[in-house]
Amino acid sequence: MTSISGAVRAFRPAQLGTLVVIAWSGEHPDDERDMPFLLAYSLGDGDGGPEGVEAAARKLLADIGLPVGTEYVDAAQADGLPVTLLVEAGQAVLTMPHLTAQCTVPPEWLAAVRERGHVYFLFATRAWPQAAPGAPVTEEELRNFAGDEAMLSTAAHCLLPVRQLRG
């Protein structure tokens, strides 16, 4: 007799492979002030390659309550969303279940954060293997990936409040 298990597979961070976070600021259609953006993406080197990474990212996002698509979640209004962003000493530290990622942020990004108090966070389900840590990313490369409709429609979007250490 053959039986099929109905058990749901647990998320394993290794399925995502190398997770990278990149920060930039720029124009936003809602008003004239710069918006600080934060993008999390995988290099596609997780279990199962880029296709496995996409499935793992979708599972993680569903598990924590971030829908994939073009609508955004306002984390300040969403009860229990387990995603936080700490900004301190020129670093952004993103914490989610199973993951913590950090990146150095530019001064103009920090200025936009101070003005707005939140960032527009995107978690891409599509891999971006060309943008490895330590490798320079040009403005054009960033614009091509972050502005790509296929990437945007398969990513999670979230307005994420910024927390800072208190002295």
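What pattern does the protein chain follow when read along the sequence? In this predicted model, the order is β-β-α-β-β-β-β-α-β-α-α-β. The secondary structure comes to 4 helices and 8 strands.

Taken along the principal axes, the C-alpha atoms fill a box of roughly 65 × 35 × 30 Å. Of the 167 residues, 43% count as buried. Among contacts between residues at least 6 apart in sequence, 68% join residues at least 24 apart.

The accessible surface of the protein chain comes to about 9,300 Å², and 51% of this surface belongs to carbon and sulfur atoms. As for charge, the protein chain carries 11 positive and 21 negative side chains. The centres of these two sets lie 8 Å apart.

The cysteines come next. A disulfide requires a pair of cysteine sulfur atoms within 2.5 Å, and by this rule the count comes to 0 disulfides. Cys103 is in no disulfide, and its nearest cysteine sulfur, that of Cys158, is 16 Å away. Likewise, Cys158 is in no disulfide, with the sulfur of Cys103 as its nearest at 16 Å. Their relative accessibilities are listed below.

| Residue | Relative accessibility | Class |
|---|---|---|
| Cys103 | 9% | buried |
| Cys158 | 0% | buried |

Cys103 counts as buried because its relative accessibility of 9% is under 20%. Cys158, at 0%, also counts as buried.

Key. Residues are numbered from 1 along each chain as its sequence is written. This is a predicted model: local features need pLDDT of at least 70, side-chain atom pairs count only at pLDDT 80 or more; totals for chains, interfaces and linings use all residues. Side-chain values use heavy atoms; hydrogens and water are left out. Buried means under 20% relative accessible area, exposed over 50%, partly exposed in between (1.4 Å probe, protein chains only). Helices (H or I, at least four residues) and strands (E, at least two) are DSSP runs, numbered from the N terminus. Contact means heavy atoms within 4.5 Å. Accessible areas come from the Shrake-Rupley method with a 1.4 Å probe; for residues, only the protein chains shown count as cover. Lys and Arg count as positive and Asp and Glu as negative; His and the chain ends are not counted. The place of a charge is taken as NZ of Lys, CZ of Arg, CG of Asp or CD of Glu.
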